Amino acid sequence: MASHHCFHVTSLLLVLFSAFSVCCASRVLATQDLQLLRYHKGALLQGSISINLIWYGNFKPSQRAIVSDFIVSLSGSAATQSNPSVATWWKGVEKYYHLANSKNPSSLSLHLGKQILDEKYSLGKSLSEKQVVQLASKGDQKNAINVVLTASDVTVSGFCVNRCGTHGSKSSVVKGKNQKFAYIWVGNSERQCPGYCAWPFHQPIYGPQNPPLGSPNNDVGMDGAMTVLSGLLAGTATNPFGNGFYQGPATAPLEASSACPGVYGKGAYPGYAGDLLLDPTTGASYNAHGVNDRKYLLPAIYDPSTSKCSTLV
C-alpha cells in the first residue's frame with residue numbers, strides 16, 4: 001500500500017494569507033510554534049540510491065537537462081559548484097540521518113540513474129493516481145527513487161486542484177523478496193496552473209499580487225516544478241515509507257520541507273519568497289548554484305538542531 005504525501009497547492013495560498021498549511025490537510029501551524037519533527041523509527045533510505053527520471057509526455061532536451069543537472073548537483077562529489085550550492089542545501093536534509101542514529105548514522109549517496117522517455121503518452125493525457133504509480137514502477141524496484149514528471153498537457157488526478165506533486169512508496173517482489181521503492185510525481189504547471197504551482201515565478205491567483213520573480217532557467221513551468229521536486233525529495237529522504245520524520249497524522253504529515261512553505265530566503269513573509277540572489281545578466285532570482293552553471297531556487301529545510309527553517313541565503 002503506497003503512502004501519499006503531497007505538495008499541497010493550498011499551502012502556498014495559505015502562506016499568502018499568513019498561515020502554514022499541512023500537506024494534504026487543513027491543519028495550520030504558526031511559525032513560532034514549529035517543533036522538532038518526531039522520528040517514528042521507520043526505515044530511512046541508505047546506501048547508494050539511484051534517482052530514475054520517467055518523462056511522461058513531450059519535454060524538450062533543455063527541460064530534461066534542468067532536472068538531471070539538479071540531481072547530479074546533489075552530490076558533494078559533483079563538479080565544483082559555486083556557493084551557495086545545491087550540495088550544501090542537501091546537507092540540511094542529511095542532518096536528519098544523524099538525528100535518527102547519532103552513533104551510527106546511515107550513509108546516503110544519491111546518483112542519477114535511468115532516464116525513461118514516454119513521449120507517446122502510453123496511458124493517455126489524463127492520469128489517475130494508480131497510473132502515476134504504474135509509471136513510477138518502470139524505474140528500479142530496489143534502492144531507488146523513481147521520479148515521474150508529467151508534461152504541461154497532461155492532467156493528473158488532483159493536479160492544480162489540491163496538489164502540485166506527491167511522494168510515496170510501493171512494495172514489490174524482487175528475486176523472491178519483498179522490497180519497497182520510493183517515488184515522486186511532479187507536474188509541469190506552465191499551461192494549467194502556474195499561479196498555483198509555479199509561484200514565485202508566476203503571479204499567484206490569490207493573495208498579494210507582487211510581481212513574479214525571474215525564473216533561473218528561463219522556464220517558468222520547469223523552474224516551478226523544480227521547487228516542488230526539491231521539496232518532495234527532502235520529504236522522501238526523511239520520510240520515505242510513511243514512518244520516518246514528520247509531525248501530525250501519518251495521512252497528513254508535515255515534513256522537512258513542507259514545514260517551511262513559501263520560504264526561500266531570509267526575511268520571507270506571506271507573498272514574499274525572501275531576500276534572494278539576483279543574476280545580473282538575466283534578472284533571475286535564485287539561491288543555489290549547481291553543475292554546468294545552473295541556478296535553482298530551493299525551499300527552506302526545517303533544521304532539527306535549531307527548530308527553525310534554514311535557508312541558503
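Mentor: Let's start with H2 and H6, whose axes come within 11 Å and cross at roughly 30°. Helices here are DSSP runs of H or I with at least four residues, strands are E runs of at least two, and both are numbered from the N terminus. Axes are lines fitted to C-alpha atoms, for helices over the stretch in contact, and angles run from 0 to 180 degrees between N-to-C directions. Please keep in mind that this is a predicted model, in which local features need pLDDT of at least 70 and side-chain atom pairs count only at pLDDT 80 or more, while totals for chains, interfaces and linings use all residues. Residues are numbered from 1 along each chain as its sequence is written, and side-chain values use heavy atoms, with hydrogens and water left out.

H2 and H6 are therefore roughly parallel to each other; angles under 35 degrees count as roughly parallel, over 145 as roughly antiparallel, 65 to 115 as roughly perpendicular and the rest as oblique. H2 passes H6 in a right-handed crossing, where right-handed means that the near helix is turned clockwise from the far one by less than a right angle, and left-handed anticlockwise. On the H2 side, Gln63, Ile66, Val67 and Phe70 meet Met222, Met226, Leu229, Ser230 and Leu233 of H6, contact being heavy atoms within 4.5 Å. The residues of this contact divide into 7 nonpolar, 2 polar and no charged. Here Ala, Val, Leu, Ile, Met, Phe, Trp, Tyr, Cys and Pro count as nonpolar, Asp, Glu, Lys and Arg as charged, and the others, Gly among them, as polar.

H6 also packs with H3, at an angle of about 20° and with the axes 9 Å apart. H3 and H6 are therefore roughly parallel too, and their crossing is right-handed.

Now step into the loop between H2 (61-73) and H3 (86-100), where Pro84 lies. A cis peptide bond joins Asn83 to Pro84, with omega about -5°. Pro84 counts as buried because its relative accessibility is 15%; buried means under 20% relative accessible area, exposed over 50% and partly exposed in between, with a 1.4 Å probe and protein chains only. Leaving aside neighbours within four places in sequence, Pro84 is in contact with Leu277, Asn287, Ala288, His289, Leu312 and Val313. Pro84 and Asn287 are 203 residues apart in sequence, yet 6.9 Å apart in space, C-alpha to C-alpha.

Another cis peptide bond joins Trp199 and Pro200, with omega about 10°. Pro200 sits in the loop between H5 (194-197) and H6 (220-238).

Two further loop residues are worth a look. Lys41, in the loop between strands E2 (38-39) and E3 (47-56), has a positive phi of about 70° although it is not a glycine. Lys41 is exposed, at a relative accessible area of 68%. Asn143, in the loop between H4 (129-136) and strand E6 (144-150), has a positive phi of about 50°, again without being a glycine. Asn143 counts as partly exposed, at 41% relative accessibility. As background, most residues other than glycine have a negative phi, and most peptide bonds are trans.
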